[in-house]
Amino acid sequence: MNHPFPEHFFWGGAMAANQVEGACRTGGKGLSTSDLQPQGIFGPVVEPHAGDNGIKDVAIDFYHRYPEDIKLFAEMGFTVLRTSIAWTRIFPQGDEETPNEAGLAFYDRLFDEMAKHNIQPLVTLSHYEMPYGLVKNHGGWGNRNTIAFFERYARTVFQRYRDKVKYWLTFNEINMSLHAPFTGLGLPERSSRQEIYQAIHHQLVASARAVKACHEIIPDAKIGNMLLGAMLYPLTCKPTDVLESLHHNREWLFFGDVQVRGAYPTYMTRFFKEQEIQLTISGEDRAVLKETVDFVSFSYYMTGCVSADQDSVEKARANILNMVPNPHLASSDWGWQIDPVGLRLLMNELYDRYQKPLFIVENGLGARDTVEADGSINDDYRIHYLNDYLVQVGEAIKDGIEVLGYTCWGPIDLVSASKAEMSKRYGFIYVDRDDAGNGTLERRRKKSFHWYAGVIKSRGASLKTK
Ligand code: BGP
């Protein structure tokens, strides 16, 4: 490919503390909401018995094996690694006055290791987890006091890592709270829309407070929001379907509108009125929301369709986000529709709307891998998939969009978020562990490992356009 990727484009991968670290009870870590979801973010919420939260107890043991893993990332040429800080390593219950030194020291070691290999950390403050103590004792994000607890945590880590971390994200896939209220907000799954949107308001205020704190404490850092970029096409060109897609896309763009433009968009006034939602928003809240992000980051896995016709919608319950399948697209083994061009469309939509640099912080193919008798893993399907998406990123750059970087999801196999499986693998690096937790945890380079190293080295010139 005649490559348009700028010289300082960040190349790397992305992961989250609760999906890789394990060591759930080590170093004074408290219980997080993720520890209560042994079957994933849509599964039941279960209080774990001591030392038992399913596969995430050990995950891929990144907590102990990070030097080896970072070395492998460096071998591929990574210049960035996105990971998250587990809030519960720093404030185990969430409401303590002082942080847990052992937790802080762990991330010092981790960031120092990345620095040794010239890998920039891109750190998410909250990736699908919060201290369970805040849920049990304070009502999670339903309680506005959680804003102050989060701000204390954010200020603590900004202060501690101000010389080590220059790229930050506030809440992972903040719009996912609408589909998974316990995961995103620490609210019961059956919460009302009123309760959910009020909790979301608190989280948006907390996000803005973190942006403000980051700007104060680390003036040379950049902090972004993180959206699940689930773009929805109208199923047909019927104007009512097009209107339906406008409404559905606003459902998630609303979060970006607040975080990037600094105020509630006017279209939400009608929505709240029709839904009989009355939010408590103080003048001080409105003022702090004006602290907007420096860049827009997002995950991109799939697109879907929407229709104004209820029958078409009823037929399509398979997808986790209740999207109507697009008849023109194939799907992954997990039913996620494959749409590289959709990534270019999404990037154009976000850039036109926000005029802020974009950072693609998740994208990838979850697939079953086979280890051959000679130990090799020939994941050509992953190579083809990522090739096609990266080609579209190149096209978007040619469209004039400023893109900071690309971190594909799960550069090393990890525990999946939606179902807490090991068998849904994203990595360039294979990890010997199965869904039942058996395996040696040994790491092994897949074919895609060498492919991605080549893409990074050539700055995209090795990508195939056809
Ligand atoms: C995103 C999450 C990640 C991640 C990814 C893939 O929604 O931010 O945590 O896991 O999706 O999803 P899954 O792991 O379910 O395949």
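Predicted model: local features only at pLDDT ≥ 70, side-chain atom pairs only at ≥ 80, totals over all residues.
**Entry 1: Glu-129.** I started with its place in the fold. Glu-129 sits in the loop that links strand 3 (120–126) to helix 5 (132–138). I then checked its charge partners. Glu-129 is buried but makes no salt bridge. Its nearest side chain of opposite charge is Lys-29, 4.9 Å away. I did find a polar contact of 2.9 Å between the side chains of Glu-129 and Ser-32.

**Entry 2: Lys-29.** I looked up the other side of that pair. Lys-29 lies in the loop between helix 1 (17–20) and helix 2 (62–76). Is Lys-29 buried or exposed? Its relative accessible area is 10%, under the 20% limit, so Lys-29 is buried. Its side chain has a polar contact of 3.0 Å with the side chain of Asp-35. Beyond its neighbours within four places in sequence, Lys-29 contacts residues including Cys-24, Asp-35, Arg-89 and Asn-100.

**Entry 3: the ligand.** I counted what lines the site. The ligand is surrounded by 14 residues, and Glu-173, Ala-417, Ser-418, Lys-424 and Tyr-426 are the closest. I listed polar distances from side chains to ligand oxygen atoms. Ser-418 comes to 2.4 Å. Gln-19 is at 2.7 Å. Glu-362 is at 2.8 Å. I also noted the cover: the ligand alone exposes 370 Å², and the protein buries 96% of that.

Notes:
Residues numbered from 1 in each chain as written. Heavy atoms only, no water. Helix = DSSP H or I, 4+ residues; strand = E, 2+ residues; numbered from the N terminus. Buried < 20%, exposed > 50% of the residue type's maximum accessible area, 1.4 Å probe, protein only. Lys, Arg positive; Asp, Glu negative; His and termini not counted. Salt bridge = Lys/Arg side-chain N within 4 Å of Asp/Glu carboxyl O. Polar contact = N/O pair within 3.5 Å; in protein donor to acceptor, adjacent residues only side chain to side chain. Near = heavy atom within 4 Å. Areas by Shrake-Rupley, 256 points an atom, 1.4 Å probe, with all protein chains shown as cover. Contact = heavy atoms within 4.5 Å.
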